Amino acid sequence: MSPPELARHSSSDWSSHPRQPGDPLPFLILFPSTTKEVSEIMKICYKRRLPVTAFSGGTSLEGHFAPTRGSVVIDFQRMDKILKIHDKDLDAVVQPAVGWEYLNEELKKDNLFFPPDPGPGAMIGGMEWVLSLTVALADGTVIKTRQRPRKSSAGYDLTRTFIGSEGTLGLVTEITLKLAVKPPNETVAVANFSTIREVTDVVEKVVSQGIQVAAVELLGDVQMKCINDSGGASEGYYQEVFTKAGFEFAKNAEEVSELWEARKEALWSVIALGSHVRL
């Protein structure tokens with residue numbers, strides 16, 4: 001494996017914990033395709049006491065996949081299949097490297113969608129909103145955290161134990177996700193606030209009115225300037241200074257798409273401006 005590829009599996013340019021000179025690199029990167037292959041890898045590493053780091057989308061900003069002691073990296077890029085969509089039960093079984101955007105494209109065919117919207121490039125392996133998991137433990141043992149029938153209160157809630165563990169408790173190889181019926185109408189709105197307190201007060205009032213809000217994104221003045229300067233949205237959508245109160249709603253489907261896509265470009269906008277940005 002080439003040094004650049006080893007480095008790519010150690011950190012990213014936008015991580016808050018970038019790799020420093022002298023930091024260890026993984027000495028081996030493996031690309032399994034099935035749960036069985038992951039299990040066999042874990043058995044060997046367990047026997048030889050080799051540290052293992054999981055790598056999925058590589059979009060983490062907090063250094064989650066940094067191999068602090070050097071390690072075997074398990075890259076899940078080949079485990080990118082949607083295994084089953086149960087449209088009547090509103091769930092889907094997927095492998096960890098399925099991109100959420102690709103998943104939603106497939107779900108459109110059944111008028112369904114996967115509600116979380118973490119940002120471009122993210123894969124399922126690092127997400128919540130799950131019903132159950134198939135996990136390969138450190139010694140290679142494969143477990144299912146829950147069976148598909150949902151009306152059960154027996155035993156510990158192992159699913160919640162593994163969610164957010166970032167590969168430290170085991171490697172997730174299959175995920176059963178909750179789905180939702182795609183709403184008949186949806187829109188996007190922007191609003192300007194002068195303080196964080198104003199933002200939280202308004203969000204609380206909106207939610208308390210029973211309005212179903214899919215997502216709320218808070219962008220500071222510097223972030224909005226980055227989006228505007230990079231051409232991520234038409235002029236005037238994202239105001240960099242406080243102007244007036246109230247929500248400004250998208251007028252048509254094109255504006256809905258543009259506003260939401262601009263939000264997804266926020267990180268890349270900052271990276272594009274590089275040293276010109278001071279957060």
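The buried residues of helix α6 (residues 221-229) are Gln-223, Met-224, Cys-226 and Ile-227, where buried denotes under 20% relative accessible area, exposed over 50%, and partly exposed the range in between, computed with a 1.4 Å probe on protein chains only. Viewed down the axis of α6, these buried residues fall within an arc of 155 degrees, so they line one face of the helix; the arc is that of the directions from the helix axis to the C-beta atoms. An α-helix has 3.6 residues a turn, so residues three or four places apart point the same way.

The model is predicted: local features need pLDDT of at least 70, side-chain atom pairs count only at pLDDT 80 or more, and totals for chains, interfaces and linings use all residues. Residues are numbered from 1 along each chain as its sequence is written, and side-chain values use heavy atoms, with hydrogens and water left out.

The secondary structure of the protein chain comes to eight helices and 12 strands; helices (H or I, at least four residues) and strands (E, at least two) are DSSP runs, numbered from the N terminus. Of the 279 residues of the chain, 34% count as buried. Residues 24 or more positions apart account for 66% of the contacts with a separation of 6 or more, a contact being heavy atoms within 4.5 Å.

Axes here are lines fitted to C-alpha atoms, for helices over the stretch in contact, and angles run from 0 to 180 degrees between N-to-C directions.

Within this sheet, β4 and β5 are joined by four bridges and run antiparallel, with Ile-82 opposite Val-94 in β5. The two strands form a hairpin with four residues between them, and Leu-90 in the turn has a positive phi of about 55 degrees. β7 and β9 pair in the antiparallel sense over six bridges; Thr-134 has Glu-174 in β9 as its bridge partner.

A second open sheet is formed by three strands in the order β1-β3-β2, and its pairing is parallel. Its edges are β1 and β2, each with a single partner strand, so one side of each is left without a neighbour in the sheet. Neighbouring strands of this sheet are turned by 25 degrees against each other on average, direction ignored. Four bridges join β2 to β3, and the bridge partner of Val-52 in β3 is Val-72.

With 14 residues, α2 reaches 20 Å from its first C-alpha to its last, close to the 20 Å expected at 1.5 Å a residue; the expected span is 1.5 Å times one less than the number of residues. Its buried residues are Thr-35, Val-38, Ser-39, Ile-41, Met-42 and Cys-45. Seen down the axis of α2, they fall within an arc of 165 degrees, so they line one face of the helix. They pack against β1 (28-30), β2 (52-55), β3 (72-75), β7, β8 and β9, whereas Lys-36, Ile-44, Lys-47 and Arg-48 on the other side are exposed.

Thr-35, in helix α2, counts as buried because its relative accessibility is 15%. Leaving aside residues up to four places away in sequence, Thr-35 touches Met-79, Thr-134, Val-142, Thr-173 and Glu-174. After α2 comes Arg-49, whose phi is positive, near 60 degrees.

The largest nonpolar core has 17 residues, and those with the most contacts inside it are Leu-103, Phe-114, Leu-133, Ile-175 and Leu-177. Such a core is a set of buried Ala, Val, Leu, Ile, Met, Phe, Trp, Tyr and Cys residues joined through side-chain atoms within 4.5 Å. Apart from it lies another core, of 11 residues, among them Val-72, Ile-74, Phe-76 and Met-79.

Definitions and conventions
Pairing = 2+ DSSP bridges.
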